[in-house]
Amino acid sequence: MTPAELLTESLERVRESVGAVLDGLSPEELAQRPTRDANPIGWLVWHLTRVQDDHVADVAGTEQVWTKDGFAERFDLPYATATHGYGQTSEEVGQFRADADMLSAYYAAVHARSLEFLAGL
């Protein structure tokens, strides 16, 4: 198995988990914090996706899906466009709001871009 094949297989496992996690959750459930400073499920999926998008775009030398495909505008989060979750305060995390369909669409686009990059290695 090549490194690209290993990464592809790993990303496919993450894709399956993301789909299972988001399935049937309302925006309220995605924003729920089990404790005051805990990260909500929706924010965790967004953060996971933003980091993957950032890193793959960096190594591929391309624009992030977040901006290229207009997800930054569609999500309309109260964060700077370049924000991907690292270093955010608990208050900033608490401002996150998105629905499962939007998170799924963004994740699917980043996943497709990641596989496209890996296939070209």
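This is a predicted model: local features need pLDDT of at least 70, side-chain atom pairs count only at pLDDT 80 or more; totals for chains, interfaces and linings use all residues.

Reader: What makes Asp-76 count as exposed or buried?

Author: The relative accessibility of Asp-76 is 63%, and since the word exposed is used for values over 50%, Asp-76 counts as exposed.

Reader: What is the phi of Asp-76, and why is that worth a remark?

Author: Asp-76 has a positive phi of about 50°, although it is not a glycine. The remark is made because most residues other than glycine have a negative phi.

Reader: Why is Leu-22 called buried?

Author: Leu-22, which has its place in helix α1, has a relative accessible area of 3%, and because buried means under 20%, the word applies to Leu-22. Not counting residues up to four places away in sequence, Leu-22 touches Leu-30, Val-45, Ala-100, Leu-103 and Ser-104.

Reader: What makes Ser-114 buried or exposed?

Author: Ser-114, in helix α7, has a relative accessibility of 2%, and as the limit for buried is under 20%, Ser-114 counts as buried. Leaving aside its neighbours within four places in sequence, Ser-114 is in contact with Leu-11, Gln-52 and Val-56.

Reader: How do you know how α1 and α3 run relative to each other?

Author: The axes of α1 and α3 come within 11 Å and cross at roughly 155°; angles over 145 count as roughly antiparallel, and α1 and α3 are therefore roughly antiparallel to each other. On the α1 side the contact is made by Leu-11, Val-14, Val-18, Val-21 and Leu-22, and on the α3 side by Ile-41, Val-45, Leu-48 and Gln-52. Sorted by class, this contact has 8 nonpolar, 1 polar and no charged residues. The crossing in which α1 passes α3 is left-handed.

Reader: What makes α1 and α7 roughly antiparallel?

Author: Here the axes come within 10 Å and cross at roughly 175°, and because an angle over 145 is the criterion, α1 and α7 are likewise described as roughly antiparallel. Among the residues that meet are Leu-7, Leu-11 and Leu-22 in α1, with Leu-103, Tyr-107 and Leu-118 in α7. The contact of α1 with α7 has, by class, 11 nonpolar, 4 polar and 2 charged residues.

Reader: Which residues touch the most other members of the largest nonpolar core?

Author: That core has 21 residues, of which Trp-46, Trp-66, Phe-75, Phe-96 and Leu-103 touch the most other members. Two or more residues are given to this core by each of α1, α3, α4, α5 and α7, and α7 gives the most, with 5 residues. In soluble globular proteins, nonpolar side chains tend to be buried together. Leaving aside its neighbours within four places in sequence, Phe-96 has contacts including Trp-43, Trp-46, Phe-75, Tyr-79 and Leu-103.

Terms used: Residues are numbered from 1 along each chain as its sequence is written. Side-chain values use heavy atoms; hydrogens and water are left out. A nonpolar core is a set of buried Ala, Val, Leu, Ile, Met, Phe, Trp, Tyr and Cys residues joined through side-chain atoms within 4.5 Å. Buried means under 20% relative accessible area, exposed over 50%, partly exposed in between (1.4 Å probe, protein chains only). Helices (H or I, at least four residues) and strands (E, at least two) are DSSP runs, numbered from the N terminus. Contact means heavy atoms within 4.5 Å. Axes are lines fitted to C-alpha atoms, for helices over the stretch in contact, and angles run from 0 to 180 degrees between N-to-C directions. Angles under 35 degrees count as roughly parallel, over 145 as roughly antiparallel, 65 to 115 as roughly perpendicular and the rest as oblique. A crossing is left-handed if the near helix is turned anticlockwise from the far one by less than a right angle, and right-handed if clockwise. Ala, Val, Leu, Ile, Met, Phe, Trp, Tyr, Cys and Pro count as nonpolar, Asp, Glu, Lys and Arg as charged, and the others, Gly among them, as polar.
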